[in-house]
Amino acid sequence: MNQIAEPLKIRNTTFKNRIIKGAMSEALANEAGQPNTLHYGLYEAWAKGELGCAITGNVMVDIRAKNEPGVVAIENERDLAQLKHWAQIGKQYGMVQLIQLSHPGRQCPKGLNKETVAPSAVPFSAALAPLFATPRELRHDEIEEIIQRFAKAASVCEQAGFEGVQLHGAHGYLISQFLSPLTNKRQDQWGGSIENRMRFLLEIYRAVRAATSEDFIISVKLNSADFQRGGITEEDVIAVFKAIDAAGIDIIEISGGSYEAPAMAGVKADKRKASTIAREAYFLDFAEKIRQHVSCKLMVTGGFRTVEGMNAALKSGACDFIGIARPFAVEPDLTQRLIAGQDVRYAVKPIKTGLPFVDKMAIMEIIWYAAQFKTIGKGKTPNPKLSPLLVFLNYAKGNIKAVIQGRVNSRKSA
């Protein structure tokens with residue numbers, strides 16, 4: 001039996017199948033962070049392909065804190081009409097849509113924003129320091145403001161008609177920075193013990209829940225590990241999962257890593273045990289372990305490539321949803337074929353430009369796929385053979401333009 005085709009109901013929303021498109025950066029918005037026809041075209045292509053649920057790429061809760069050019073930002077009702085149009089696309093085809101709300105914290109390229117903030121003023125590793133500035137430590141009142149920004153953005157998402165949101169608490173972004181002892185050196189109520197380090201996440205969840213209705217779905221994406229020495233321990237990770245589950249979270253997506261240790265892109269896949277590789281998913285072993293501690297729905301993303309592997313994961317009870325990300329950039333109709341019993345057509349391989357300083361980072365695992373999204377958004381067919389070097393050069397050109405424009409805007413507002 002093809003279990004991936006089975007529906008599942010959460011609160012008052014029915015997911016028509018168990019396939020969820022994991023969040024990936026689209027980089028399609030304008031400088032003001034507004035969604036447009038490219039977003040509509042992209043998500044309609046996935047919806048037409050029978051996708052059960054789509055989680056959007058990073059949507060910023062503060063336009064002053066962008067992790068890259070082209071991200072959508074939701075601070076108020078300014079773009080409610082466009083968001084309603086976007087939400088209606090999913091409803092038209094029965095595809096659930098969750099907006100991934102995020103604040104990047106320290107993970108912002110130099111010059112993109114006026115300043116970079118984080119739980120603590122912890123610099124990046126030597127390899128990334130030329131690209132990312134040392135952040136300023138957040139004040140208590142600023143932390144409280146960011147919590148309310150998440151709540152306001154979620155409220156707008158519900159007004160627009162989206163079924164829910166996902167809080168991005170993984171991959172080294174701000175929530176993850178608060179959780180990790182590597183990036184949180186605070187000695188106040190927001191740092192120190194794991195109870196204090198998880199306070200930011202729990203306060204965001206409570207604020208979002210208070211700002212939305214009982215039927216609104218709230219999910220969170222969490223790291224199983226930082227994959228860095230001195231990072232969050234497994235004991236602390238389990239404590240975080242248990243606490244957010246007890247608070248009432250609907251879905252936890254399990255992932256791992258950060259810009260400095262990009263496990264989410266499969267970089268460490270070759271170091272896994274043979275038995276784990278045979279089971280496809282990068283974080284499935286951890287999902288089985290955490291399943292014993294939580295009662296909410298679990299989603300595992302990363303590594304799934306065969307219908308057999310997906311069904312086996314669901315049958316084992318380790319997860320309730322199969323998260324697939326990068327294959328959807330070149331196979332918009334992938335869900336239809338999976339339900340028909342066909343495997344992923346294009347194997348995901350490392351995207352290499354031939355430039356060592358670029359290829360050491362996971363950046364191409366983001367921007368190459370974003371280039372495909374733009375193609376799909378225009379109603380065209382994605383190109384699996386697209387040149388990584390050409391994509392990088394276009395990205396660098398756009399980044400330089402964004403930095404220059406940002407500096408001009410800063411001078412105007414000064």
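# Reading the labels in a predicted model

Q: Where in the chain does A27 lie, and why is A27 called partly exposed?
A: A27 lies in the loop between β3 (19-21) and α1 (37-48), in what is a predicted model. Its relative accessibility is 34%; because buried means under 20% and exposed means over 50%, A27 counts as partly exposed.

Q: What makes the phi of A27 worth noting?
A: Most residues other than glycine have a negative phi. A27 is not a glycine, and yet its phi is positive, at about 55 degrees.

Q: Which value does phi take in H171, and where is H171 found?
A: Phi of H171 is near 60 degrees, again a positive value in a residue other than glycine, and H171 is found in the loop between β10 (164-169) and α4 (174-179).

Q: How do you know whether H171 is buried or exposed?
A: The relative accessible area of H171 is 9%, and the cut-off for buried is under 20%, so H171 is buried.

Q: What makes α2 oblique to α3?
A: The axes of helix α2 (residues 80-93) and α3 come within 8 Å and cross at roughly 60 degrees. Because angles under 35 degrees count as roughly parallel, over 145 as roughly antiparallel and 65 to 115 as roughly perpendicular, with the rest oblique, α2 is oblique to α3. The contact is made by L80, L83, K84 and A87 of α2 together with V156, Q159 and A160 of α3, and α2 passes α3 in a right-handed crossing.

Q: Why are α1 and α13 called roughly perpendicular?
A: The axes of α1 and helix α13 (residues 364-377) come within 7 Å and cross at roughly 90 degrees; as the class of roughly perpendicular runs from 65 to 115 degrees, α1 and α13 are therefore roughly perpendicular to each other. On the α1 side the contact is made by T37, L38, G41, L42, A45 and W46, and on the α13 side by F373, K374, I376 and G377.

Q: What makes a set of residues a nonpolar core, and how many residues has the largest one here?
A: The members must be buried residues of nonpolar kinds such as Val, Leu, Ile and Phe, joined through side-chain atoms within 4.5 Å. The largest nonpolar core has 104 residues, and those with the most contacts inside it are L101, V165, L167, F200 and I322. Helix α3 (residues 140-160) supplies the largest share of this core, 10 residues. Apart from its neighbours within four places in sequence, F200 is in contact with I143, I146, I147, L174, I175, F178 and W190. A second, separate core of 13 residues includes F15, I20, A23 and V96.

Q: What share of the chain is buried?
A: Of the 414 residues in the chain, 58% are buried, and the chain holds 14 helices and 14 strands.

Key
Residues numbered from 1 in each chain as written. Predicted model: local features only at pLDDT ≥ 70, side-chain atom pairs only at ≥ 80, totals over all residues. Heavy atoms only, no water. Helix = DSSP H or I, 4+ residues; strand = E, 2+ residues; numbered from the N terminus. Buried < 20%, exposed > 50% of the residue type's maximum accessible area, 1.4 Å probe, protein only. Contact = heavy atoms within 4.5 Å. Axes fitted to C-alpha atoms, helices over the stretch in contact; angles between N-to-C directions. Left-handed = near helix turned anticlockwise from the far one by under 90°.
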